[in-house]
Every structure is written in C-alpha cells, then in structure tokens.
Amino acid sequence: ITQEAIFLIQQKGVSFTISDLAKNLGTSKRTMYQHFSSKDDIIDSIIENLILQINNKEEEIFHEESLSLLEKITQVLICVPEEFSTMDFRLLADLKRLHYNQWVKIDDFLKQEWDLVVKLMEEGIETGVIREINLQLFVELYLGAINQIYQPNFSLNTKLTMSEILKSVMDILLNGISIKK
C-alpha cells in the first residue's frame, strides 16, 4: 500500500485520494481502511520509512572507507532515498499545507538529526580538510536554505528535483561562490 502511495505521490503529489490508491491496487476503499485508518496514517508510515532509510543510508556513508571526508559530508547532506530523489521540492510545501502534522515530523527530523554531520565536520576541522567555522551556524544556514526552498512563494521557476536542489545547496555551502585560484 505504501509503495503504491509513493507512486501516486510521484504522479499527483499528496493530493491523491484513498479511492485513487484502492483503484491502483485493484481493491476497495474498505480494504485500505483495514490496513490504515486514514490517508494521514499512510503518509505517516511513508515518512517513518523515509526517515529510517535516510538514517540507514547516512550510517552507511559514515562508515564507507572508500569516501573522502568531504565526500561523506556532501553525501550525508544530500541523502534522499531513491524513490524521493526525483520528486519536485514543492511537494514539501503541499505536505505542509495539506498534511501539517506529517510535515512537522519531517521538519523535526531535519532540525534534530545533526550528530553525524557535526562529527564529520569536526573531524574535517581537526584534520584541516575544512576551515574552522561555527558548525551550528552552518547547520542553520543549511536548514534556512532548505526551508526557504519549500515555501510556496519560492521564486525559482525551474522544476528542480529534491536531489538537484540539495546538491546545489551543498555545492554553494561547501565550495562558496568564488573561483579558487
């Protein structure tokens, strides 16, 4: 059910209905409600799974010895599960508008899960890979950029995917805007 719901989110955003889901699965709405009490419960399940996938992927990246420290930091900060990487970032604005409690779970996750990144960045500062910076400010800048991007009035007209936006934000935050000489 959740996999089909993800497919529908990719197609229609979070405005899909339980009827759409039942139709795609070739079953009844009644059957849907035997598994989930509401559309919010389905979205909750998807979000919990998304957060679990991100945490697992971040741990995998953290322990991957073939990656440099900067590659680890970058990959952790752009980590999005495959089925969500091509989605339009405005989906988060729709989630906030239509399913606020579920959006809060993602927002809380983004604000709270920084131990791994801070540990990598501290190692980067200690080893001279990253210059000494205020890590809390870096986190706030990253979060501010992400939060601004999924506001309904965000003016970027191109339809960049979540993955593309995260990569661009990380490029700017890690490499700046000046050309190195």
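This is a predicted model: local features need pLDDT of at least 70, side-chain atom pairs count only at pLDDT 80 or more; totals for chains, interfaces and linings use all residues.
Residues are numbered from 1 along each chain as its sequence is written, and side-chain values use heavy atoms, with hydrogens and water left out.

We can start with the helix pair. Helix α4 (residues 39–63) packs with helix α9 (residues 115–127) at an angle of about 20°, and their axes are 11 Å apart. Helices here are DSSP runs of H or I with at least four residues, numbered from the N terminus; axes are lines fitted to C-alpha atoms over the stretch in contact, and angles run from 0 to 180 degrees between N-to-C directions. The two helices, α4 and α9, are therefore roughly parallel to each other, a term for angles under 35 degrees. Glu-58, Glu-59 and Phe-62 of α4 make the contact with Leu-116, Lys-119 and Leu-120 of α9 (heavy atoms within 4.5 Å). By class, this contact of α4 with α9 has three nonpolar, no polar and three charged residues. Nonpolar covers Ala, Val, Leu, Ile, Met, Phe, Trp, Tyr, Cys and Pro; charged covers Asp, Glu, Lys and Arg; the others, Gly among them, are polar.

On a 1 Å grid over the protein atoms alone, a cavity is a set of points where a 1.4 Å probe fits but cannot get out, and a pocket is an open set with protein on both sides within 12 Å along at least five of seven lines; lining residues have an atom within 4 Å of a point.

A search of the whole structure finds one cavity of 30 Å³ or more. The largest cavity holds about 520 Å³ of space, a volume being the space filled by probe spheres set on the points. Its lining has 28 residues, with Leu-50, Ile-54, Leu-92, Ile-106 and Leu-110 nearest the centre. Helix α4 gives the most to this lining of the largest cavity, with seven residues. By class, the lining of the largest cavity has 26 nonpolar, no polar and two charged residues.

The largest pocket has a volume of about 390 Å³. Among its 16 lining residues, Ile-130, Phe-138, Leu-173, Leu-174 and Asn-175 lie nearest the centre. For the largest pocket, α11 gives the most to the lining, with five residues. Eleven nonpolar, three polar and two charged residues make up the lining of the largest pocket.

Terms used:
Angles under 35 degrees count as roughly parallel, over 145 as roughly antiparallel, 65 to 115 as roughly perpendicular and the rest as oblique.
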